[in-house]
Amino acid sequence: MTKAIPLNERIIVALDVENPEQAQQMVKRCESKISFFKVGLQLFMADWFHTVEWIQDRGHKVMLDLKFFDIPETVKLAIEQVNNRGISLATIHGNRPIVKAAVEARGDMKLLAVTVLTSFAESDIREMGMTGSISDLVIYRAKQALELGCDGIVSSGLEAQRLRAELGDDLLMVTPGIRPGAQVIGAADDQKRVMTAGKAIASGADHVVVGRPITKADDPLAIIEQMQDEITQVLSE
Ligand code: C5P
């Protein structure tokens, strides 16, 4: 069953920019259509919580994507610093004790565990000397995250269908690695496991995270509208 999520929150625009001025400019360009923005490492390093609060003051939601990964106690203390700031989604990365510590420290935020980065390909797994497929690893990590009390996961659209089938409807699934149709076959920057917005939502993603296809576009609103049309279409089928 599809969750009742407003169309302007289905796409989370990744504000991967250098400074708060650029971030604010991008928010202003997108906000007639988008009410969910992601602040990641680059922007957070530039101005800590200032842009986060500025976005919230304009009535929008924030995903804080810092992918905490450290010893469990350090992750717990970092999560405590982020709690109670009105952040909607935060990301962590890690094994059982790390995820457990983060979940215990979580206050009002929803926690997402990163499964396998979308810039990772099967060849990277082989290179690390690991056996098994990316898909199996994603399912294993997602199951573990849910068992430990995470609200959801970040994973590529390629695993979305299997995740929904095996883990059910409650799981909150956020999917980066989104490209407009033509780029899924062609250039996809450093992303390796990519999909269109419509296909990702049709496969079971609740939200898609989109950075460069929107932030580097001459006309970001045109790309957003095209992706939102795809999403509306698949949700009505
Ligand atoms: O520009 P692009 O659309 O590739 O940006 C994707 C965004 O999603 C980046 O901010 C990246 O950090 C983030 N992300 C990702 N893969 C994950 C988790 C987050 O690409 N597994």
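**Figure 1. Helices α8 and α9 at their crossing.** In this predicted model, the axes of helix α8 (residues 134–147) and helix α9 (residues 160–167) come within 10 Å and cross at roughly 40°. Angles under 35 degrees would count as roughly parallel, and α8 and α9 are therefore oblique to each other; their crossing is right-handed. On the α8 side, the residues that meet α9 are Ser135, Asp136, Val138, Ile139, Ala142, Lys143 and Leu146, whereas α9 contributes Arg162, Leu163, Glu166 and Leu167 to this contact.

**Figure 2. The closed barrel.** Eight strands form a closed barrel with parallel pairing, in the order β1-β2-β3-β4-β5-β6-β7-β8. Strands of a sheet pair through backbone hydrogen bonds, in either a parallel or an antiparallel sense.

**Figure 3. Strand β4 and its pairing with β3.** Of the 5 residues of strand β4 (residues 89–93), 4 are buried, so this strand is largely enclosed by the rest of the structure. Strand β3 (residues 61–68) runs parallel to β4 and is joined to β4 by 3 bridges, and within this pair Leu64 stands opposite Ala90 of β4. The chain passes from β3 to β4 by way of helix α5 (residues 72–82), in a β-α-β crossover that is right-handed.

**Figure 4. Strand β4 and its pairing with β5.** Strand β5 (residues 110–114) pairs with β4 in the parallel sense, over 5 bridges. Among the residues at this pairing, Leu89 has Lys110 in β5 as its bridge partner. Helix α6 (residues 96–105) carries the chain across from β4 to β5, and this β-α-β crossover is likewise right-handed.

**Figure 5. Helix α4 across strands β2 and β3.** Helix α4 (residues 50–57) lies across β2 (36–40) and β3, and runs at about 155° to β3. Strand β3, seen here with α4, is the strand that 3 bridges join to β4.

Key:
Residues numbered from 1 in each chain as written. Predicted model: local features only at pLDDT ≥ 70, side-chain atom pairs only at ≥ 80, totals over all residues. Heavy atoms only, no water. Buried < 20%, exposed > 50% of the residue type's maximum accessible area, 1.4 Å probe, protein only. Helix = DSSP H or I, 4+ residues; strand = E, 2+ residues; numbered from the N terminus. Pairing = 2+ DSSP bridges. Right-handed = clockwise from strand over helix to strand, strands pointing away. Contact = heavy atoms within 4.5 Å. Axes fitted to C-alpha atoms, helices over the stretch in contact; angles between N-to-C directions. Parallel < 35°, antiparallel > 145°, perpendicular 65-115°, else oblique. Left-handed = near helix turned anticlockwise from the far one by under 90°.
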